[in-house]
Structure formats: C-alpha cells, structure tokens
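Open the model in your viewer and keep the selection tool at hand. We will go from stop to stop, and at each one you will hear what to select and what is there.

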Amino acid sequence: MDNAPYRRVVITGVGVVTPLGNDPDGLLSGLRSGRSGIGPLTQVPQGVLSVDYAAEASEFTGDIADYGPMDKKLQRTIRKGSKVMCREIEMGVAVAQRALNDAGLDADQRDRDRTGVLYGCDYIMSQPIEFASGIAKCMDADGRFDFSRWGEQGKPEVNPLWLLKYLPNMPASHVAIYNDLRGPNNSITVREASANLAIAEAYSTLARGQADVLLVGSTGSRIHPLRSLHADMQETLATNQSDPSTMSRPFTATRDGSVLGEGAGAMVCETLQHAQARGATILGEIVGYGSSAVGPAFGKTFLQQAITNVLRSALGDEAPSEIGHIHAHGLGTVECDAQESAAIQDVFGTPDQQPPVTTAKGHLGNLGAGGGMVETIASLKSLGENLFPIRNCETPADDCAINACLDDSTAAGKQFINVNVTPQGQASAIRIRAFE
C-alpha cells in the first residue's frame with residue numbers, strides 16, 4: 001500500500017550519534033569514502049568475550065556539547081537530568097536536540113499540544129556497578145554472596161532512582177519534558193526493527209491529523225558488559241581480525257557474523273502544511289512502510305518471508321523501477337544475508353532487475369535499535385547524489401544474488417526503502433522519497 005491517504009508527511013531535520021561521528025553530513029562522507037567505525041573495545045574489557053573489537057560511538061562523551069546548540073537554561077536542565085540517564089538514553093536525547101536544531105523548530109514555531117515524540121529502543125540492561133555496593137554488604141566471611149542479607153543490608157545501598165536510568169520509555173519521556181512537547185508520545189521496543197516502526201507510527205499519526213509535528217528517534221547499543229555477553233552467547237559475531245575494519249563483511253562469501261555497535265538517530269517529521277507554513281527546509285517525504293512478524297515456526301526461511309512481506313508493503317503501488325536504492329539490513333551473518341537477498345529477489349527480481357542495494361553495517365556494525373534510524377538518515381542524505389558502497393564487499397556471494405553497490409559512483413536515486421529485521425523474525429521497512 002502507498003500509505004498516503006490523508007496528509008503528506010515530510011522530514012525537516014535530522015541528528016545522529018554514530019561510530020563515524022555525530023554529524024549527518026560527516027556520516028555520509030565517511031560511508032562514501034569507506035571509513036570504518038570498528039576498533040578496539042573500550043567500554044567492555046578485552047579478553048573476556050570472543051571478540052575484542054566493536055563499533056563504538058567514541059565521539060559521544062555525554063558532555064553537554066554533544067547535544068548540539070541550545071540555550072543555557074536547557075543546557076542546565078539536561079546536564080542535571082543526565083544523572084538519571086544511561087548512555088543509550090543520553091544518545092537518544094542528544095540526537096533529538098540535534099534534530100530540533102537542524103529543523104529550526106523553535107518553541108515559537110510549534111504548538112506544544114500538537115507536537116509529540118516517538119522513539120524506538122530496546123530493552124536496556126543495568127550496569128553491574130549499580131549493585132556493587134549492595135552486593136559487597138552481603139558477602140560472608142568466606143567471600144560468598146548471602147542472599148538472605150540482601151533485603152536489610154544490600155538493597156538500601158542501591159540508588160532508589162537507578163531504574164529510571166534504564167527504562168526504554170525514558171528517551172521519549174526526557175525529550176518531551178525538556179522541550180515541553182505534550183502531543184502523542186510512544187515508545188517502541190522491537191530490537192533492530194524499532195526505528196522503522198517508529199517512523200511508520202509517526203507517519204500514521206501525522207497523516208490522520210492527530211499531531212502537526214513528531215520528533216521521531218531511536219537509540220541502541222550492543223556494547224555493554226552484560227548485553228555484549230548475551231550477544232556473544234546467543235548470536236553469531238564476526239571473528240577477530242588483525243584489521244578490525246574488515247570484520248563486518250555483509251553479503252560476501254567470507255562473512256561470518258555481525259559486529260557489536262552503538263548509535264542513535266532522530267528526525268523531525270511534520271505535516272507538509274505545517275512545514276511549509278513555517279518555511280522549513282524539506283529533506284524528504286515518507287511515502288510507504290511495512291511491518292511483519294514471521295517466527296521460526298514458519299520454517300527455515302522465516303526471515304526471508306518477513307523481509308519479503310515488508311518490502312512489498314513499503315513498495316505498495318509504486319513501480320519497482322522507481323526505487324532508487326534499497327538500504328538492506330545487511331547483518332553480515334551467513335543465514336540472515338542469504339535470506340534477505342532471497343527476499344529482495346522475491347520482490348524485485350534478479351540482480352539486473354533490482355535497484356542498487358547497499359548497507360551501512362560494513363562500516364558501523366549492528367547498532368541495535370539505533371541502527372535503522374542512522375541507516376535511514378544516511379540514505380535520506382544521499383538522495384539525488386551518489387550512493388555509498390557496501391564496505392568489504394568486492395563481489396556478493398553466490399547465495400546473495402543482489403545488485404550490490406560496490407563503488408561510490410552509483411546514483412542513489414530519488415527514493416529508497418530501508419529494511420531491518422530481528423533474529424526473531426520481526427521486520428520493518430520504510431519508503432522515503434525526495435520531496436517534489
């Protein structure tokens with residue numbers, strides 16, 4: 001379906017935090033030039049996991065300067081609030097403030113009751129340090145943890161506000177409170193599929209006339225003492241390489257897993273009428289979306305079916321030849337890349353019939369819930385110009401029959417589809433075109 005029955009919905013501002021920096025234009029430049037954001041782990045001890053490298057957003061320190069330009073009063077408020085924000089939430093708030101500034105959406109240009117927030121996130125794990133003092137109080141003489149002492153001696157040592165630092169609805173909550181946005185507010189927690197689903201819900205909300213403006217974002221991290229351990233135990237991670245920049249190899253014959261990453265992105269979405277009334281610069285228009293959940297009970301090709309479903313839905317009545325490029329999930333695992341390639345063939349045909357296919361994960365790794373938004377913004381910024389190639393992919397594998405973008409001379413076209421999928425088969429896609 002084309003998903004444009006009511007009001008047209010446009011994008012007027014963006015903000016990012018990524019392993020290639022915190023500037024959208026710098027991100028696109030880095031992708032085109034083949035820069036890699038993958039390097040030695042610093043947030044998780046090396047020698048503990050099966051991998052010692054990841055794509056950390058190293059330029060994001062949490063300093064108030066990372067949140068972009070804003071007035072002193074808001075700076076003080078956010079700096080104070082950072083005490084109850086973990087890194088993922090801080091990144092989420094930072095990209096929202098950057099997007100608002102990029103859109104030039106000042107307080108006097110928005111109706112606070114018709115301006116809302118929609119955020120994608122994942123479950124956020126507490127840092128073990130939150131409980132260290134309490135656990136120490138419960139150790140017996142032999143150095144063993146005595147759980148019977150936790151209630152009276154251990155629990156009082158835990159900061160009573162600790163949970164606020166890790167709730168997945170807090171990015172949207174902080175953003176709304178700091179900017180006095182009283183319109184629709186929601187949080188979506190569907191792992192890697194979260195960003196496109198947040199954009200889709202924002203589109204639907206604005207198209208129905210339930211808001212004028214929605215600040216839409218997603219934030220995520222796979223780099224965390226416990227989260228990284230879970231990924232190492234439950235997923236297929238790329239093996240260490242002497243050159244870590246070669247670890248993520250989407251759609252290649254040598255691919256062997258995904259790379260841990262972190263990042264966030266946000267965009268200001270408005271009805272066309274609202275954007276034009278305030279003289280906003282329009283970056284693109286949301287014109288289609290798709291969501292699907294196909295679990296393992298479907299069979300071995302459940303990921304392929306889920307991705308096929310969302311590609312068809314996002315495409316709608318548009319001719320496949322009109323799609324400028326596909327921004328694939330491109331996880332880098334043998335199974336996911338093969339099934340995604342098969343899904344692209346299901347919808348668009350053989351490689352010579354397909355639009356160019358790219359992915360940013362060769363540069364950035366898997367940013368979790370933040371990945372879809374960062375990838376969407378990268379593709380949005382490339383419209384009308386040249387596309388960025390798949391890093392570490394000289395030629396696609398035999399089981400990945402796609403029209404892979406292999407150099408920076410390929411045109412990005414005037415519209416694209418971004419697709420993401422979780423290991424459980426929850427898929428989402430969004431179609432965005434240049435504004436006309």
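Start by selecting the cysteines. A disulfide is a pair of cysteine sulfur atoms within 2.5 Å, and by this rule the count is zero disulfides. This is a predicted model, in which local features need pLDDT of at least 70 and side-chain atom pairs count only at pLDDT 80 or more, while totals for chains, interfaces and linings use all residues. Residues are numbered from 1 along each chain as its sequence is written, and side-chain values use heavy atoms, with hydrogens and water left out.

Cys336 is buried at 6% relative accessibility; buried means under 20% relative accessible area, exposed means over 50%, and partly exposed is in between, with a 1.4 Å probe and protein chains only.

**The backbone at two loop residues**

Next, select Asp180. It sits in the loop between α6 (170-179) and β5 (185-189). Helices (H or I, at least four residues) and strands (E, at least two) are DSSP runs, numbered from the N terminus. The phi of Asp180 is near 55 degrees, a positive value in a residue other than glycine. Most residues other than glycine have a negative phi. Is Asp180 buried or partly exposed? With 31% relative accessibility, Asp180 counts as partly exposed.

**Zoom out**

Now show the whole chain as a cartoon. How many helices and strands does the protein have? There are 13 helices and 12 strands. Along its principal axes, the C-alpha trace spans about 70 × 55 × 40 Å. A compact globule of 436 residues would have a radius of gyration near 22 Å, and the protein agrees with this at 21 Å. That radius is taken over C-alpha atoms, and the globule rule is 2.2 Å times the number of residues to the power 0.38.

Switch to a surface view. The accessible surface comes to about 16900 Å², and carbon and sulfur atoms account for 49% of it. These areas come from the Shrake-Rupley method with a 1.4 Å probe; for residues, only the protein chains shown count as cover. Of the 436 residues, 59% are buried.

You will find 36 positive and 50 negative side chains, with the centres of the two sets 7 Å apart. Lys and Arg count as positive and Asp and Glu as negative, while His and the chain ends are not counted. Each charge is placed at NZ of Lys, CZ of Arg, CG of Asp or CD of Glu.

What share of contacts between residues at least 6 apart in sequence join residues at least 24 apart? The share is 79%. Contact means heavy atoms within 4.5 Å.

**Residues and their partners**

Select Leu49, in the loop between β2 (39-40) and β3 (53-54). Leu49 is buried at 10% relative accessibility. Leaving aside residues up to four places away in sequence, Leu49 touches Leu41, Val44, Ser228, Leu229, Asp232 and Leu260. Pick out Leu229: it is 180 residues from Leu49 along the chain, yet their C-alpha atoms are separated by 6.7 Å.

Go on to Gly21, in the loop between β1 (9-17) and α1 (24-33). Gly21 counts as buried, at 4% relative accessibility. With residues up to four places away in sequence not counted, Gly21 touches Val16 and Glu59. Gly21 and Glu59 are 38 residues apart in sequence and 5.9 Å apart from C-alpha to C-alpha.

Then select Gly154 in helix α5 (residues 150-154). Gly154 is buried, with a relative accessible area of 0%. Its contacts, again without residues up to four places away in sequence, are Gly134, Lys137, Cys138 and Arg149.

Finish at Ser29, in helix α1. Ser29 counts as partly exposed, at 43% relative accessibility. Draw a line from Ser29 to Ser258, 229 residues apart along the chain: their C-alpha atoms are separated by 23 Å.
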